[in-house]
Amino acid sequence: VQFTLALCMIISTLVVRSQIQFMSSKNLGYNQQILSLGVPDDSVAIQQIDVLKNKILQNSSATGVSMSARPDVLLMINTFSIENKGETHEISAYGLNADENYLKVLHIPLIDGVNFNPEIQGSQVLVNEAFVKKVGWEQPVGQEIHFSETESSKVMGVVRDFHYASLHKKIEPLLLLYNTEHPVNVLISVKPEQVDKIKETWQAVLPDFPFEYEFLDQAFDQKYKTELSMMTLFNYFSGLSIFIACMGMLGLVSFTVRLKTKEIGIRKVLGAGAKHIVYLVSGEFILMMLLAALLALPLAYFAMNFWLRNFAYQTGISDSIVLLSVAAMGFLVLLTLSYHVFKAVYANPAHSLRNE
């Protein structure tokens, strides 16, 4: 039971670690090294946003500034209508306020059509690949999206899918809505060491409002706080279960060797070799380890598969994780056995028989 639990914990720890590393390294489809500033909900502050933007570009090494919403600040557009092949369909999707600099600052590829154009009169919208796939448009550029009887937007282009939410959820249809009147965030393409310079500019333009910032990669990592805490717990419990199993085995093998001292001595006198003595002492523990592996592998597999269902994008349970777990447990078992096994192999049979 101890070996089974220990091996389950090792496999689970490696799976959780693998999934977290996968999430941390996965390309989300946009540049995460972006400084995000919250725009104060104040009419005076909003009027100064353009001034702030220009001064940031002048006074820092920022390569781009966008007055838009962060990728994870979404709107839910409940119902709107589109036309496809002469038929009208009512659908819903997420929305995201953006300006003409949004794609450039976040490095989001435009795969069809054109970007927002401030000189064009009328409402404009960009859609992602998931949106086009859902509605079934063959030629999405130029299509109309009707939000009401009097309000509609023209599709200017299609952007490549990007992860606006955590990897728990798959990428859903998304609308990028051209909106420069009510910016939610100031997104700045700048290196972390330039934050103090940005702060000085903010305080010069908006001295009455606190400077609150966050990098997008840090905000995204916060979505996995539960998984990080889970990995820490698994590390502790895995180490504890391994320690208990090895200590229990150490006591058992010590007791076994003591019981078989006379038998080992007689077998050595009769010509038994080192291999035979090693098997005599450790054979049952190795078989116990193999039996624990047979029990632990399906238990850990089903438990971790159930946990991984929480993620739309996952690594799965690879053969390397299973092999590494069994190898690690086997090494610890052999290491624990080694002292008493070698002691039994090299013991003087005359001494052990005399004592017995």
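The model is predicted, with local features needing pLDDT of at least 70 and side-chain atom pairs counting only at pLDDT 80 or more, while totals for chains, interfaces and linings use all residues. Residues are numbered from 1 along each chain as its sequence is written, and side-chain values use heavy atoms, leaving out hydrogens and water.

**The sheet**

Strand β1 (residues 34–38) and β11 pair in the antiparallel sense over 3 bridges; two strands pair if DSSP finds at least two bridges between them. Strands (E, at least two residues) and helices (H or I, at least four) are DSSP runs, numbered from the N terminus. These two strands belong to an open sheet of 4 strands with antiparallel pairing, in the order β2-β10-β1-β11. At its edges are β2 (64–68) and β11 (213–215), each of which pairs on one side only. From one strand to the next, the twist averages 25°.

Here are the pairings side by side.

| Strands | Bridges | Facing residues |
|---|---|---|
| β1 and β10 | 5 bridges | Gly-38 and Asn-185 |
| β2 and β10 | 5 bridges | Ser-68 and Asn-185 |

What about β10 itself: are its residues buried or exposed? Because 5 of the 5 residues of β10 are buried, this strand is largely enclosed by the rest of the structure. Here, buried means under 20% relative accessible area, exposed means over 50%, and partly exposed lies in between (1.4 Å probe, protein chains only). Both faces of β10 are covered, with Asn-185, Leu-187 and Ser-189 on one side and Val-186 and Ile-188 on the other.

Contact means heavy atoms within 4.5 Å. For the angles, axes are lines fitted to C-alpha atoms, for helices over the stretch in contact, and values run from 0 to 180 degrees between N-to-C directions. Helix α6 (residues 195–205) lies across β1, β10 and β11, running at about 25° to β1.

Which residues of α3 are buried? They are Ile-49, Leu-52, Lys-53 and Ile-56. Seen down the axis of α3, these buried residues fall within an arc of 100°, so they line one face of the helix. That arc is taken from the directions from the helix axis to the C-beta atoms. The buried residues of α3 pack against α2 (43–47), β2, β10 and α6. On the face turned away from the buried side, you will find the exposed residues Asp-50 and Gln-58.

Rings of Phe, Tyr and Trp (its six-membered ring) pair if their centres lie within 6.5 Å; planes under 30 degrees apart count as stacked, over 60 as edge-to-face and the rest as tilted. The count comes to 12 aromatic pairs. One of them joins Phe-162 and Tyr-164 edge-to-face, at 6.3 Å centre to centre and 85° between the planes. Phe-162 counts as buried at 1% relative accessibility, and Tyr-164 is buried too, with a relative accessible area of 4%.

**The whole chain**

Stepping back, the chain has 12 helices and 11 strands. Buried residues make up 43% of its 356 residues.
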